[in-house]
Each structure stands twice: as structure tokens, then as C-alpha cells.
Amino acid sequence: MSRLVSLKQLHYLITLYDHQHFGRAAAACFISQSTLSAAISSLEEILEAQLLERDHKTFLFTPLGEEIVRRSRLIIEQSNDLVDYARNQGSLMQGKLYLGIIPTIAPFILSDLQNLCQQLYPELTLFIREDTTDNVLNYLSEGKLDLVILALPYPTQEFQTHVLCKDYFKLVLPKTWSHRGFDKEISTLPENSIFLLEKEHCLTGHALQACQLKESKKINHFFVTSLHTLIQMVSHQPGITFLPNLAINSGILTGTDLVSLPLKTDHAYREIGVAWRTTSHKTQNYMLLTELIKQIVVAKCSDAS
């Protein structure tokens, strides 16, 4: 009878791949480096395959090793699903759910979402991670998150996605500029007057595309990391920016001298959606949570808010 691979060995392999360093991976697994090395060697013996190319102080995952890591993540995920299913006796919306959400959405819906979940599904515990789109999708791919709330369009081919609503952009500018007609003709804006988030925030890409901002001279070279800092920059420079209804309707302009104006186009919007792995067995939970999220974002993205 052939020896079976253990989940612990697969976990060690995944951790080594994620850290790309034996010492850091061993520390993350709370074992010695020699124990980790022995476990990986034993795994290679069981599989009768080389997973790592080793040198004196370096190593490299073989193509087969990378594929084994990918499949191991699925096995670990299914194992965790099995444990969660058993502990909750197959009931829906119970146990733990790991939710990723991007920073241009998180501040405006999380409180409502957590309150609604607590009311309707008191046996469900949400663990939240706020991060950039690239990062939350990487964590989703690695099985570290169950569900992600993000802005679309964005490359998500490997995931199941659902669009919840359109979130239209508006022009935000000081009251003293509101009579200048910038909402009708953006090309009349002064140079360096458009302030945006740093480019790793997908809101910047969506705003540039949706609002057809092609003149680089109009865009200020100083980029900021949060929407609240962006508001301060626009208010004090002064300048203008483009914000989605979700942020505006949530009161981000309260206490400022800024106003929002609708843009003269039907295409200036992003889509708010959710994504999860197609291999997950928690689809029913995801659909139920998606309905709660949709209930919140549809109301907050509406022009009637």
C-alpha cells in the first residue's frame, strides 16, 4: 500500500512557496527549519517527484512543484470546508467567513454590513481584510479569503463574479469653482488641477477611463493614498477630483467647502461587484451574503440618496 500525503506536508509546502525562504516558512509553521526540510523531502519521496531544485543556500520550485502547490491549495481549502461544514452541521451562514474589500468601498459599507449580518445571521462571524484589488484577489486565489468586494471592470477570469450595481462618478470641486462649467467641458480645466489616488487604487483607473481623462497636463503629479486625504488636497490647493456616488452619499464631503456635480455623460461609472473562487463549496453562503451587500450598495450608490 502506497504512503499517503498528509495535509500537514501540503501546508508546509504552500508556506514555503509563499515565503520563498526556509527559515521564514519554518517560523510561520512553528517548527524548526530541519523539520520543514525533512517534511518537504518526505513529500517528494511519496510523490516520487522533484518539487524543488536545491543549491547550497538557494532553491527554486520546479514547474511540477508549482502545480502541486496550486492543487494543494484546493485540497486545503476543501479540507477546511469539510471541517466548517461538520462543525456547523451543514447549516448556512454559520461559522467564519473571510471577506476582502478594497479601500474605496470599505469605509462606506462595512458598518452597515456587519450590523445587518449580526441581525440576520448571528452565528456568522465576518473577518475583514481591507487592501488593494491586486492584494485581495491574490489572497482569494490562495484561499486566505472567501469572498471579495471590489470595483469592476478588473481582470477576474479565474473567479466567479457578480455585478451588484453601477456607481456613477461626479465632479467634486470647491464651491467657488462650481460656476465655471467644468462639468460640461473637462478640457477647460487648468493644468495640474486634477487630483487622484495613487495608481494601485483601481478607482484612479476607473475614473480616468470613465471620465475620459486623457490630458496628462491636467493631472497633478502628486498622488494620495486615501479618499479623505484626496478631499483635503482638492479643498486646499484648490483643484478638482472625481468621486463615486458611494463616497459622496456616505457623507465624505460633509464639513468641507466642496460640492459635487453630475457629469455630462452616461458612461462615467464603475461597477461594484463580488468575486469568489469557482472551486469553493460555500456558494450558497456567498449568494446570501451578496444579497445583503447588494441591498446596501444599491441604496448608497443611487442618485436619489
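Glu48 is found in the loop between helix 3 (33-47) and strand 1 (52-54). Helices (H or I, at least four residues) and strands (E, at least two) are DSSP runs, numbered from the N terminus. Glu48 is exposed, with a relative accessible area of 73%; buried means under 20% relative accessible area, exposed over 50%, and partly exposed in between (1.4 Å probe, protein chains only). The model is predicted: local features need pLDDT of at least 70, side-chain atom pairs count only at pLDDT 80 or more, and totals for chains, interfaces and linings use all residues. Residues are numbered from 1 along each chain as its sequence is written, and side-chain values use heavy atoms, with hydrogens and water left out.

**Chain and confidence**

- The chain has 305 residues, and 46% of them are buried.
- Its secondary structure consists of ten helices and nine strands.
- The mean pLDDT of the chain is 85, and 90% of its residues reach 70 or more; pLDDT is the predictor's confidence in each residue, from 0 to 100.
- Confidence is highest in helix 5 (residues 106-120), at a mean of 94, and lowest in helix 7 (residues 202-210), at 71.
- Among contacts between residues at least 6 apart in sequence, 76% join residues at least 24 apart. Contact means heavy atoms within 4.5 Å.

**Backbone details**

- Glu48 has a positive phi of about 55 degrees although it is not a glycine.
- Gln20 also has a positive phi, of about 55 degrees, and is not a glycine.
- The peptide bond from Leu152 to Pro153 is cis, with omega near 10 degrees. Pro153 is in the loop between strand 5 (147-152) and strand 6 (159-174).

- Gln20 is in the loop between helix 1 (7-19) and helix 2 (22-29). Its relative accessible area is 41%, so Gln20 counts as partly exposed.
- Not counting residues up to four places away in sequence, Gln20 touches Phe59 and Phe61. Gln20 and Thr58 are 38 residues apart along the chain, and their C-alpha atoms are separated by 9.4 Å.
- Ser72 is in helix 4. Ser72 counts as buried because its relative accessibility is 2%.
- Leaving aside neighbours within four places in sequence, Ser72 is in contact with Leu10, Leu13 and Ile14.
- Trp177 lies in the loop between strand 6 and helix 7. With a relative accessible area of 10%, Trp177 is buried.
- Trp177 and Leu258 are 81 residues apart in sequence, while the distance between them is 9.2 Å, C-alpha to C-alpha.

**Nonpolar cores**

- In soluble globular proteins, nonpolar side chains tend to be buried together.
- A nonpolar core is a set of buried Ala, Val, Leu, Ile, Met, Phe, Trp, Tyr and Cys residues joined through side-chain atoms within 4.5 Å.
- The largest nonpolar core has 70 residues, and those with the most contacts inside it are Ile109, Leu113, Ile149, Leu289 and Ile293.
- Ile109 touches Ile101, Ile149, Leu246, Ile293, Ile296 and Val297, not counting residues up to four places away in sequence.
- A second, separate core has 19 residues, including Ile14, Leu16, Ala39 and Ile40.

**Largest pocket**

- The largest pocket holds about 440 Å³ of space. A volume is the space filled by probe spheres set on grid points, which are joined across faces, edges and corners.
- On a 1 Å grid over the protein atoms alone, a pocket is an open set of points with protein on both sides within 12 Å along at least five of seven lines, whereas a cavity is a set of points where a 1.4 Å probe fits but cannot get out; lining residues have an atom within 4 Å of a point.
- The largest pocket is lined by 16 residues, and the closest to its centre are Asn80, Asp84, Lys96, Tyr98 and Lys282.
- Helix 4 (63-87) and strand 3 (95-101) each supply at least two residues of this lining. The largest share, six residues, comes from helix 4.
- By class, the lining has nine charged, four polar and three nonpolar residues. Here Ala, Val, Leu, Ile, Met, Phe, Trp, Tyr, Cys and Pro count as nonpolar, Asp, Glu, Lys and Arg as charged, and the others, Gly among them, as polar.
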